[in-house]
Amino acid sequence: MENILEYLESNRLSELKNILNEENPVDIAEHFENLSKEKTILVFRILQKDTASEVFSYLSSEKQEEIIESITDEELKRILDELFLDDTVDLIEEMPANIVDKILKNSSSETRKLINQFLKYPENSAGGVMTVEYVSFKNDMTIGQALSYFKNVGMNKEDTDICFVIDKTRHFLGIITLKQLIIVEDDVPLVDAMDTSIPTVNTLDDQEEVADLFRKYDYNSIPVVDNENRLVGLITIDDVVDVIDQENTEDFHIMAAMEPSNEEYLRESIFSLAKHRIIWLLVLMISATATGIIIRKYESVLQSVVTLAIFIPMLMDTGGNAGSQSATLIIRGLALGEIELKDIGKIVWKEFRVSILVGIVLALVNFLRIYYIDQVGFTIAMVVCFSLLITVIIAKVVGGSLPIIAKALKLDPAIMASPLITTIVDACALAIYFQLSSHFLNLVS
């Protein structure tokens, strides 16, 4: 950055141009994020045309908006001509109305038609993340004819490692790789060399399901078809990486009891951040009144043995932590496809056994601390430790089963994460603790 500013201030633009054109477009885009609007436009205009378009696709939406506002229609048209269609659609979805108007005005009629088609697909669907920049061959071609056609059109396509084979009505038949086109004899019919085993996805399939397919089969691209099995596009691995990143971010937000947001933290306003957090905080605050009701119900027990109150935070925290551990593992297993709905019985049984082992260890350590170090009476120490054991068992079972139940109800399993499970387990822990205290302390007295 210091070097760029130095070149700009000394007006050594030709030297800066040579340096930047040798850098990776991704790295150049990172430099742009720290430049002022005026310097951004100046540096962008000295880039080579093809480099400028590629750098533009890696910029943040704020920087893209700055550039579109400042450049001429002719410059914008040149950028749009170089952008792949899916990148153009992403750009439009991020821009305000006045910028969208300028983009559409400088797009060809064919591009505008395709953009409108893309925007009709549901958000987070396969159709919304696919591209139409692919190579397809008719099924009556030979390898030689296909290779000749590829040389003419392949340069302008986004993904050329895999090509698709279709019939006259665009029904998807199979794929053929660039390696096969080069190695197989020219007179071999295309249909004899193509691979028909590759799966397809429908335009309306959820993008998370598409990402699971890429993860499962290690594909670089997957064809997208409509309800009549006609080829309409493809999804590439770079698009799926963005989907996985988006889905993971969304899960983290939900697990932390926040509404998901696609905005960068430092760029989002305090009002927007507050809005995303307040709803869940209100829900959890109101639901936490259950613990207050339980404490009020056993108020006489607390008044007669004040020592019991000392161990309430420990019980609640341990239960919440134990439940969160189980929930996190199950949520991740569901996301990776390692766990299915039918596995709920196995999960409950496994978490039950784990909870017994963990609970016994925690209870024994706590008994030694409470009885020998804190000098608490034997009966109270036993009540606390036995309550802890039961709480851990309930927490592990609840934490392991709730995400599965959420999945069965067509909800995001991440909803059943730390805050919600902690609220449920807290109420259970207090109820068990006070019930056992009332019973055993009354027997002793």
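**Helix segments, surface and salt bridges of the predicted chain**

Isoleucine 278 is found in helix H17, which covers residues 270-287 (helices are DSSP runs of H or I of at least four residues and strands are E runs of at least two, numbered from the N terminus). The model is predicted, so local features need pLDDT of at least 70 and side-chain atom pairs count only at pLDDT 80 or more, whereas totals for chains, interfaces and linings use all residues. Residues are numbered from 1 along each chain as its sequence is written, and side-chain values use heavy atoms, with hydrogens and water left out. With a relative accessible area of 40%, isoleucine 278 is partly exposed (buried is under 20%, exposed over 50%, partly exposed in between; 1.4 Å probe, protein chains only). Isoleucine 278 also contributes, together with Ile279, Leu281, Leu282, Val283, Met285 and Ile286, to a nonpolar surface patch of about 650 Å² (residues over 30% relative accessible area without a salt bridge, nonpolar side chains joined within 5 Å and like charges within 9 Å).

An unreviewed UniProt entry places the feature "transmembrane region" at residues 278-295, 352-372, 378-402 and 414-436, although such annotations may be inferred rather than shown by experiment. Over residues 352-372 the chain is 100% helix and 0% strand, with the end C-alpha atoms 30 Å apart. The span 378-402 is likewise 100% helix and 0% strand, and its end C-alpha atoms lie 36 Å apart.

Taken as a whole, the protein chain has 23 helices and six strands, and 43% of its 445 residues count as buried. The accessible surface of the protein chain comes to about 24000 Å², of which carbon and sulfur atoms account for 56% (Shrake-Rupley method, 1.4 Å probe). Among contacts between residues at least 6 apart in sequence, 66% join residues at least 24 apart (heavy atoms within 4.5 Å).

Lysine 63, in helix H6 (residues 61-70), is buried, because its relative accessible area is 6%. Leaving aside residues up to four places away in sequence, lysine 63 touches Phe32, Glu33, Leu35, Ser36 and Thr40. A polar atom of the lysine 63 side chain lies 3.4 Å from the backbone oxygen of phenylalanine 32.

A search of the whole structure finds eight salt bridges (a side-chain nitrogen of Lys or Arg within 4 Å of a carboxyl oxygen of Asp or Glu). One of these joins lysine 37 to glutamate 69, with the closest N and O atoms 3.5 Å apart. Lysine 37 belongs to helix H4 (residues 37-46) and glutamate 69 to helix H6, so the pair ties together parts that are 32 residues apart in sequence. Lysine 37 is partly exposed at 34% relative accessibility, as is glutamate 69 at 38%.

Glutamate 75 is buried, at 18% relative accessible area, whereas arginine 45 counts as partly exposed at 42%.

Arginine 369 and aspartate 374 likewise meet through their side chains in a salt bridge of 3.2 Å, N to O. Arginine 369 is partly exposed at 33%, and aspartate 374 is partly exposed at 37%.

Note on methods. Polar contact = N/O pair within 3.5 Å; in protein donor to acceptor, adjacent residues only side chain to side chain.
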